[in-house]
Amino acid sequence: MANQDQLITEDEAELYDRQIRLWGLDAQKRLRVTKMLLVGLGGLGAEVCKNIVLAGIKSITLMDDQNVTEADFFSQFLITREEVGKNRATASVARVQELNPNVIVTSDETSVTDKEEAFFKQFDIVCLTYCKPETIVKVNTFCHENNIQFFGGDIFGFYGYSFSDLNEHNFVEEKPKKIKGSSGEGPSKKQKVDATETVFIKRTMHFTRFKEALEKNGVVYPRRK
């Protein structure tokens, strides 16, 4: 018997019609039961939040211990000038909810640096923006060890980066089917490719942790105040 939370209603099927045709009904069902933590509601965090909520995630928790500044008003489209001085996460909830009433939107005004490992276990995905490297290393380690999908990113003027750690990710690659003995003779003969037929090959990708990525590539991470 199917889990009731995984069922897509007719209204949801109509709302998410374009993306269901893009990535399939099964992917939409998985998204439908996914719980996410988003840390940092600056300009980058707001853009990530918009895309995830419009896609139809089950719930998203917005976490930020900073208050809205005048600069935020010009870079973060989820808040208004009247909310300057209020907490950034809480001030963003109303407009995020308007984007998609089907998504459960909550806020957390505490700092991610104060959270222990048990806190992150309630989420399927954790995304950190505008965080110091030591914070990213700590949270990514928690997520990696508990098989929680992790994403991180930041912007420094004209530059920026994104990082992902899905631990072990299985996927299927579609390739044109090769036909044996179709061209040439003997051991040097080559296989022809039939563009009208395809085969599906299962692949597995193993992701590295943020700390290991920095050490391996010799990256100098810009210091955030």
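How much space lies in the second largest pocket?

## Pockets

The second largest pocket of this predicted model holds about 390 Å³ of space. Its lining is made up of 21 residues, and Asp-65, Gln-66, Thr-129, Tyr-130 and Cys-131 lie nearest its centre. By class, the lining of the second largest pocket has five nonpolar, nine polar and seven charged residues.

The largest pocket has a volume of about 890 Å³. Lining it are 29 residues, with Leu-31, Ile-125, Gln-149, Phe-151 and Leu-166 nearest its centre. Two or more lining residues come from each of helix H3 (25–32), H4, S4, strand S5 (149–156), strand S6 (159–165) and strand S7 (168–183). The lining of the largest pocket divides into 16 nonpolar, ten polar and three charged residues.

## Nonpolar cores

The largest nonpolar core has 21 residues, of which Leu-37, Phe-120, Val-126, Leu-128, Val-139 and Phe-150 touch the most other members. Strand S1 (35–39), helix H7 (117–120), strand S4 (125–129), helix H8 (133–145) and helix H9 (210–217) give two or more residues to this core. H8 supplies the largest share, five residues.

Beyond its neighbours within four places in sequence, Val-126 is in contact with Leu-37, Phe-120, Val-139, Cys-143, Ile-148, Gln-149, Phe-150 and Phe-151. A second, separate core has 19 residues, including Ala-46, Val-93, Val-96 and Val-105.

## Helix H4

Helix H4 (residues 43–55) has 13 residues and should span 18 Å at 1.5 Å a residue; the distance of 19 Å between its end C-alpha atoms agrees with this. Its buried residues are Gly-43, Leu-44, Gly-45, Ala-46, Cys-49, Val-53 and Ala-55. Gly-56 follows H4 and has a positive phi, near 100°.

Key:
Residues are numbered from 1 along each chain as its sequence is written. This is a predicted model: local features need pLDDT of at least 70, side-chain atom pairs count only at pLDDT 80 or more; totals for chains, interfaces and linings use all residues. Side-chain values use heavy atoms; hydrogens and water are left out. Helices (H or I, at least four residues) and strands (E, at least two) are DSSP runs, numbered from the N terminus. The expected span of a helix is 1.5 Å times one less than its number of residues. Buried means under 20% relative accessible area, exposed over 50%, partly exposed in between (1.4 Å probe, protein chains only). A nonpolar core is a set of buried Ala, Val, Leu, Ile, Met, Phe, Trp, Tyr and Cys residues joined through side-chain atoms within 4.5 Å. Contact means heavy atoms within 4.5 Å. On a 1 Å grid over the protein atoms alone, a cavity is a set of points where a 1.4 Å probe fits but cannot get out, and a pocket is an open set with protein on both sides within 12 Å along at least five of seven lines; lining residues have an atom within 4 Å of a point. Grid points are joined across faces, edges and corners, and a volume is the space filled by probe spheres set on the points. Ala, Val, Leu, Ile, Met, Phe, Trp, Tyr, Cys and Pro count as nonpolar, Asp, Glu, Lys and Arg as charged, and the others, Gly among them, as polar.
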